Amino acid sequence: MSRDTSFYYSFLVLPPNKRSAIIAVWDFCRAVDDAVDEVVPEEEWAGGLTSEARARATAQVAAWRSELDAAYRGAPQTPQGSALQPFIREFNLPRSRFDALIDGVEMDLSHSRYQTFDALLEYCRRVASAVGLICVEIFGYRDAGSLAYAESLGIALQLTNIIRDVAVDLRRGRIYLPGEDLERFGVSEEDLRRGQVTPQVAALLEFQCARAHTYYQRAAWQLPPADAGSLVAAEIMGGIYYGILTRIEAAHYDVFSARIRVPRPQRALIALRIWLRTLLGMQNSKVKMQTEPDSKR
């Protein structure tokens, strides 16, 4: 896994076996996603897929669905499936979550617009929350509330991706911003293609950022204190993506001039800060339990 991915620093805090399992999941999921997004080079998208490229992508997605089945049967054929296969039983990875991810990726072949946020939310749950729900099985948890946390954090990360990648998605013929929101703020598809942050476009993207903030806050509320240590890798992922969101806001919603990123040193600093904060919180909880009067135990 490249150090340039936003997930790299979150995986460093994991024990070696869990890190290997997460990387295997990440590589498999990335391969499924690339079956559509990388079916042709970026310069060949020209606002959408040709019928030939769409057919090829459809076949590749079907092949990954078959490979998932093979991995669960113990007979994978690809490097990604072979790397994933031993961890399926070890961590009891839910097959339904992988199926949901593939269903979500497949939606990119049939949906290039989402009229309502509810429709977009279903897409986010499939392509992002499903992966989070796989990962928490590897991270480990004691409180079932961690599943709600993983779902909300996945939505927050995907909404951040959608805001950041408006220009990239436009080149691929896709607009993930809900149509009802474009109408509400008086923004047309042509306005987005011009790549100018007009007051209307700024208001639209400000609204999308506020929605993403809501899901980050929801995830924070849903994180069970008992699982804070186990889920520190997820918290680091969230912290780095939250950094992307705040940089979008600091850039006055200009997601057209350049792809907004958190620089590598800043990602490392975010990871260290969250890791230390979690470690300190766990130590304080342990001290508190040890110093409580017996009558309160």
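Reader: Leaving aside neighbours within four places in sequence, which residues is R54 in contact with?

Author: R54 is in contact with L49 and L109. Bear in mind that this is a predicted model.

Reader: Where is R54 found?

Author: R54 sits in helix α3. With 32% relative accessibility, it counts as partly exposed.

Reader: What does the side chain of R54 reach at 2.6 Å?

Author: The backbone oxygen of L109. R54 and L109 are 55 residues apart along the chain, and 7.0 Å separates their C-alpha atoms.

Reader: Switching to charges. How many salt bridges does a search of the whole structure find?

Author: The search finds 21. One of them joins the side chains of E38 and R172, at 3.9 Å from N to O.

Reader: Which parts of the chain does that pair link?

Author: Distant ones, 134 residues apart. E38 is in the loop between α2 (16-37) and α3 (51-73), while R172 is in the loop between α8 (166-171) and α9 (179-185).

Reader: Is R172 buried or exposed?

Author: R172 has a relative accessible area of 11%, so it is buried, the cut-off being under 20%.

Reader: What about R113, which residue does it form a salt bridge with?

Author: With E189, and the closest N and O atoms are 2.8 Å apart. R113 lies in the loop between α5 (95-107) and α6 and E189 in helix α10 (residues 189-194), so the pair ties together parts that are 76 residues apart in sequence. R113 is partly exposed at 31% relative accessible area, and E189 is partly exposed at 30%.

Reader: Staying with α10, where do D191 and R194 lie in relation to one another?

Author: Both are in helix α10, three residues apart, which is about one turn of the helix. Salt bridges that share partners also build a network elsewhere, joining D37, E38, D108, R172 and R174.

Reader: And how do the side chains of D191 and R194 meet?

Author: In a salt bridge, 2.6 Å from N to O. D191 is partly exposed at 23% relative accessibility, and R194 is partly exposed with a relative accessible area of 49%.

Reader: Now the inside. Which residues touch the most other members of the largest nonpolar core?

Author: L93, F98, L120, F139, L177 and L192, out of 95 residues in that core. Helix α6 (residues 117-139) supplies the largest share of the core, 13 residues.

Reader: What does L120 touch, not counting residues up to four places away in sequence?

Author: L120 touches Y114, L159, I162, Y176 and P178. In general, nonpolar side chains tend to be buried together in soluble globular proteins.

Reader: Last one, S10. Buried or exposed?

Author: S10 is buried, at 0% relative accessibility. It is found in helix α1 (residues 8-11).

Reader: What does S10 touch, again not counting residues up to four places away?

Author: S10 touches A233, I236 and M237.

How values were computed. Residues numbered from 1 in each chain as written. Predicted model: local features only at pLDDT ≥ 70, side-chain atom pairs only at ≥ 80, totals over all residues. Heavy atoms only, no water. Core = buried A, V, L, I, M, F, W, Y, C linked by side-chain atoms within 4.5 Å. Buried < 20%, exposed > 50% of the residue type's maximum accessible area, 1.4 Å probe, protein only. Helix = DSSP H or I, 4+ residues; strand = E, 2+ residues; numbered from the N terminus. Contact = heavy atoms within 4.5 Å. Salt bridge = Lys/Arg side-chain N within 4 Å of Asp/Glu carboxyl O. Polar contact = N/O pair within 3.5 Å; in protein donor to acceptor, adjacent residues only side chain to side chain.
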